[in-house]
Amino acid sequence: MSRNLLILGAAPSLGELRDTLVRLEDTIIFALIERSQFKQNRDIYEAGKMSFKDGYRGSFVSWFLKEVECVHARVRRYQSPDEYPFTDNLPDPVLPPLDYPPVLVDPRRININDEIFDVYVNTVVPGIATEGDDSNYGSSATRDIECLQALSRRIHYGKFVAESKFQDPQTHDEYVKHIKERNRDKLMELLTNTRVEELLLKRLKAKAIIYGQDLSAASAGANGSTNGSGMLLDDAAAAAAAGSERVKTRVDFDLVVSLYRDYVIPLTKEVEVEYLLHRLDRN
């Protein structure tokens, strides 16, 4: 979990949610960096490339994901309202259930992990990993699962964002009106804050540049710390803001930005709209 959801008495404020989402940015960037050290290893994503003693016919990543989620389900990971499995028919927890406050309306109704999986395998992996096969199948799949789980948590957090915005007295009546009219376009317009999205993308680029550098040879410079190539960390952040291409990083910072711009943000808002369309079901 990204925050203690057991202590919530109401939906978190937008400020609290942004703190969580900012931390998830760090998690996602570092997970992408970890995956980028291995080749693409496309065989692990193709069904039928590997044989399994239990007769499973899917891909190695899908099989491994199922195994991992079975273990996590036993310790009640997927009872938390901010965790969503990619697989189904999971075992019951061995631990007693926790009593989460009913902040969300039917939190299990919406799960878009199939879309997230498709984007990750077909767009993200080819973008962050070098083409080829290095036989590090287990290590690659382990990092894949870390990336997938972080992306899923980030995107499905849109339900909490939608609930928080729905409860805002300044816009509550507008949301109710558009929900009753089933007006997706108006809901999307009401949810969208272009300025916040622009700031998010700028912050992501700066983070991806700084986190993605090799700092093993860092030494104190005249005006601050430097990376292994002698670039000041402050300069790296400035380079991000200026859109400089001269910074070499372990993961393409433009890909991180495009991942959020083209997929994470739109999918999050898709979750928010779907959630809101069912928000009045509680009544």
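**Cavities, a pocket and helix packing**

The second largest cavity is lined by E69, R77, Y78, E83, Y84, F86, Q149, S152 and R153, where a cavity is a set of points on a 1 Å grid over the protein atoms alone at which a 1.4 Å probe fits but cannot get out, and a lining residue has an atom within 4 Å of a point. This is a predicted model, in which local features need pLDDT of at least 70 and side-chain atom pairs count only at pLDDT 80 or more, while totals for chains, interfaces and linings use all residues. Residues are numbered from 1 along each chain as its sequence is written, and side-chain values use heavy atoms, with hydrogens and water left out.

- A search of the whole structure gives two cavities of 30 Å³ or more, a volume being the space filled by probe spheres set on grid points that are joined across faces, edges and corners.
- The second largest cavity holds about 40 Å³ of space, and helix α4 provides the largest share of its lining, three residues; helices here are DSSP runs (H or I, at least four residues), numbered from the N terminus.
- The lining of this second largest cavity divides into three nonpolar, two polar and four charged residues, with Ala, Val, Leu, Ile, Met, Phe, Trp, Tyr, Cys and Pro counted as nonpolar, Asp, Glu, Lys and Arg as charged, and the others, Gly among them, as polar.
- The largest cavity contains about 50 Å³ of space, and the residues around it are I116, V119, Y120, V124, L151, I155, L259, Y263, V264 and L267.
- Two or more residues of that lining come from each of α3, α4 and α10 (253-277), and by class the lining of the largest cavity has ten nonpolar residues, with no polar and no charged ones.

**The largest pocket**

- The largest pocket has a volume of about 550 Å³, a pocket being an open set of points with protein on both sides within 12 Å along at least five of seven lines.
- Among the 25 residues lining the largest pocket, R18, V161, K165, N193 and V196 are the closest to its centre.
- At least two lining residues each are supplied by α1 (14-36), α5 (158-166), α7 (184-191), α8 (194-211) and α10, and the largest share, six residues, belongs to α1.
- By class, the lining of the largest pocket comprises twelve nonpolar, four polar and nine charged residues.

**Helices that pack together**

- Helix α3 (residues 113-128) packs against helix α4 (residues 137-156) at an angle of about 130 degrees, with the axes 10 Å apart; axes are lines fitted to C-alpha atoms over the stretch in contact, and angles run from 0 to 180 degrees between N-to-C directions.
- That angle makes α3 oblique to α4, since angles under 35 degrees count as roughly parallel, over 145 as roughly antiparallel, 65 to 115 as roughly perpendicular and the rest as oblique.
- In this pair, N113, I116, F117, Y120 and V125 of α3 meet R143, D144, C147, L148, L151, S152, I155 and H156 of α4, contact meaning heavy atoms within 4.5 Å.
- Helices α3 and α10 pack at about 175 degrees, with their axes 11 Å apart, and are therefore roughly antiparallel to each other.
- Their contact joins E115, I116, V119, T123, V124, G127 and I128 of α3 to L255, L259, Y263, L267 and E270 of α10, and these residues divide into eight nonpolar, two polar and two charged.
- The axes of α8 and α10 come within 9 Å and cross at roughly 145 degrees, and by class the contact has ten nonpolar, no polar and five charged residues.
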